[in-house]
Amino acid sequence: MLRIYNTLTRKKEDFITLQPNVVKMYVCGVTVYNDAHVGHAMSALVFDIIRRYLEYRGYKVQHVMNYTDVDDKIINRANQLKVDPFSLAQRYIDDYAQNLKELNVLPATVNPRATQTMDEIQSMVKGLIEKGYAYAASNGDVYFRVTKDKEYGKLSGRKLEEMQAGARIEIGEAKEHPMDFALWKAAKPGEPAWDSPWGKGRPGWHIECSAMNLKELGEQIDIHGGGNDLIFPHHENEIAQSESFTGKPFARYWIHNGMLQLGGEKMSKSLGNIVTIKEFLSKHDADVMRMIVLNGSYRAPLIYTDEVLDAAEKSLDRLKSGLRPAAPSAKGLNADFVSVLDKQSEATQQAFISAMDDDFNTPLAMAALFELVKAINTARDNGATDAQLQRAQATLRELTGVFGLRLAEKKGSSEQEAQITALIAERNEARKQKQWARSDQIRDQLKEMGVTIEDTKDGTSWRWG
RNA sequence: GGCGUCGUGGCCAAGUGGUAAGGCAAGGGUCUGCAAAACCCUCAUCACGGGUUCGAAUCCCGUCGACGCCUCCA
């Protein structure tokens, strides 16, 4: 039984879907006004891993990830760059989609956008006004009336009275209550605007997600996800809007990932301590980022340092070592050893599932994979043939695949490979004649080319890295 | 100030009542001409102080510290 930690109840709960075998999952995407950074990658990877695991467990996942393509920051940035806000947003949507693809994140079932959900947004605002949950203010804005929602604050664990103390009341706002938030914002001159019953304007940030959920998944969904920095106010407000509008419980499970930290602080655009996904991928394989995420629990802060990066790279190599072929001279294991290895495959698969069933405990699941790697390598060292390794390696492949790891070996061009083969032949000739200086020199040369060689009793093998 | 999460070996990180998984790093060994890889061995009593219990990293209280949210934010 899969159990998931639910932010709403602050407990792990059994995962029971609204419809059998179907998961409706909505994950908050990004506001597209700038390059996405590895913190965004973390969130995308966390939910990609969750999705892959749900699919592995036999669920059909309807995965929705939105793009916020109209808001203050986009408008400001567009003004700064003197470009059209819509084309700016489009550019960063394309970039982000490309980032995700390179990170091996499965594409969402749909990627709705605020600007393409305008009808649904407006009818929702209208409905909330009719039910008394919202009001059009004198300044042209429409606000949600938080005092009307008795449950307001239930996700973030706050009470309206407590929040008022810290609330910032901006002069000129026409709110009834300082915590009321905008569903619709009146347009200022020069800003993108849509016609509405309340005059020209654009949607507030929170309403788009409520509207997109309704449009793409219906009134009730199974999982709603995002970074834990969205718990308040974004998700709190989403619940308020959606439940006030439909009169039904909105999302069953609220899942929030921890923040990626660089230098002891949350990585964020406003703090400026950023490593973009593009920068990361120019230096490292996508698997490395995934490995960093898998090494920790998704709810905890993720520490990002050079040391962590290095460890992730090395542990990835270790996983890959389990996939290497048998030695050419392998004589084969006896049946008892083969059955030990096959038992380990089974044990690892079970351990993997039980770890993942416990709120997606990836570090524990990963430990099971390393056990399998060790068993495979031991078997290989003891002369197992490819056929005998096959089952265990297939299990390793399958489970790392659930994690979304590619574990691809680097490939060079055929010219490069020919050159490498030639150098190795030359070196082996030198070794035969015990010309160690020459042979070591060639090895250094190969190292510089990024090639590592290994001399075994079956000859010399090589690989990139 | 309020709300919340957390503090496990050199680094990252599981474990939430029965005497500390895993990865990286480090040291020793097997193998090797030397390496590399793989394998074997070694390496923590869980921020601090009280308490509950036969027994606590794990529950309770306190102290110190970190981080997140309270304003845009994955």
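What follows is a set of questions and answers on this structure.

Mentor: This is a predicted model, in which local features need pLDDT of at least 70, side-chain atom pairs count only at pLDDT 80 or more, and totals for chains, interfaces and linings use all residues. Residues are numbered from 1 along each chain as its sequence is written, chains are lettered from A and ligands numbered from 1 in the order in which they are written, and side-chain values use heavy atoms, with hydrogens and water left out.

Trainee: What percentage of the residues of chain A count as buried?
Mentor: The C-alpha atoms of chain A fill a box of roughly 95 × 50 × 35 Å along the principal axes. Buried means under 20% relative accessible area, exposed over 50% and partly exposed in between, with a 1.4 Å probe and protein chains only. Of the 465 residues of chain A, the buried share is 50%.

Trainee: How many helices and strands are there in chain A?
Mentor: Helices (H or I, at least four residues) and strands (E, at least two) are DSSP runs, numbered from the N terminus. By that count, chain A has 15 helices and 15 strands.

Trainee: In what order do the 4 strands of the open sheet stand?
Mentor: Two strands pair if DSSP finds at least two bridges between them. In this open sheet of 4 strands the pairing is parallel, and the order is β4-β3-β9-β10.

Trainee: Why is one side of β4 and of β10 left without a neighbour in the sheet?
Mentor: Strand β3 (residues 22–31) runs parallel to β4 and is joined to it by 8 bridges, with K24 opposite Q62 in β4. One side of β4 (60–68) and one side of β10 (251–257) lack a neighbour in the sheet because each of these edge strands has a single partner strand.

Trainee: At about what angle to β4 does helix α6 run?
Mentor: Axes are lines fitted to C-alpha atoms, for helices over the stretch in contact (heavy atoms within 4.5 Å), and angles run from 0 to 180 degrees between N-to-C directions. Helix α3 (residues 85–102) lies across β3 and β4, at about 145 degrees to β4. Helix α6 (residues 205–216) lies across β3, β4 and β9 (221–227), and its angle to β4 is about 150 degrees.

Trainee: Which side chain of opposite charge is nearest to E236?
Mentor: E236 is in helix α7 (residues 231–246) and is buried, yet has no salt bridge. A salt bridge is a side-chain nitrogen of Lys or Arg within 4 Å of a carboxyl oxygen of Asp or Glu; Lys and Arg count as positive and Asp and Glu as negative, while His and the chain ends are not counted. At 5.6 Å, the nearest side chain of opposite charge is R158.

Trainee: Which backbone nitrogen does the side chain of E236 reach?
Mentor: A polar contact is a pair of N or O atoms within 3.5 Å; within protein, one must be able to donate a hydrogen and the other to accept it, and residues adjacent in sequence count only if both atoms are side-chain atoms. Not counting residues up to four places away in sequence, E236 touches residues including Y152, L155 and I231. At 3.1 Å, its side chain reaches the backbone nitrogen of K154.

Trainee: Which peptide bond is cis?
Mentor: The bond in question has omega near 0 degrees. One of its residues, P233, lies in helix α7. The cis peptide bond runs from F232 to P233.

Trainee: Which residue caps the N-terminal end of α9?
Mentor: In helix α9 (residues 286–294), 9 of the 9 residues are buried, so the helix is largely enclosed by the rest of the structure. At its N-terminal end, a side-chain oxygen lies 2.8 Å from the backbone nitrogen of D287. That oxygen belongs to the capping residue, D285.

Trainee: Is K434 buried or exposed?
Mentor: K434 lies in the loop between α14 (414–432) and α15 (436–448). Its phi is positive, near 55 degrees, in a residue other than glycine. At 59% relative accessibility, K434 counts as exposed.

Trainee: What is the bridge partner of T456 in β15?
Mentor: Strands β14 (residues 451–456) and β15 (residues 459–464) run antiparallel and are joined by 6 bridges. A hairpin connects β14 to β15 through 2 residues. The bridge partner of T456 is G459.
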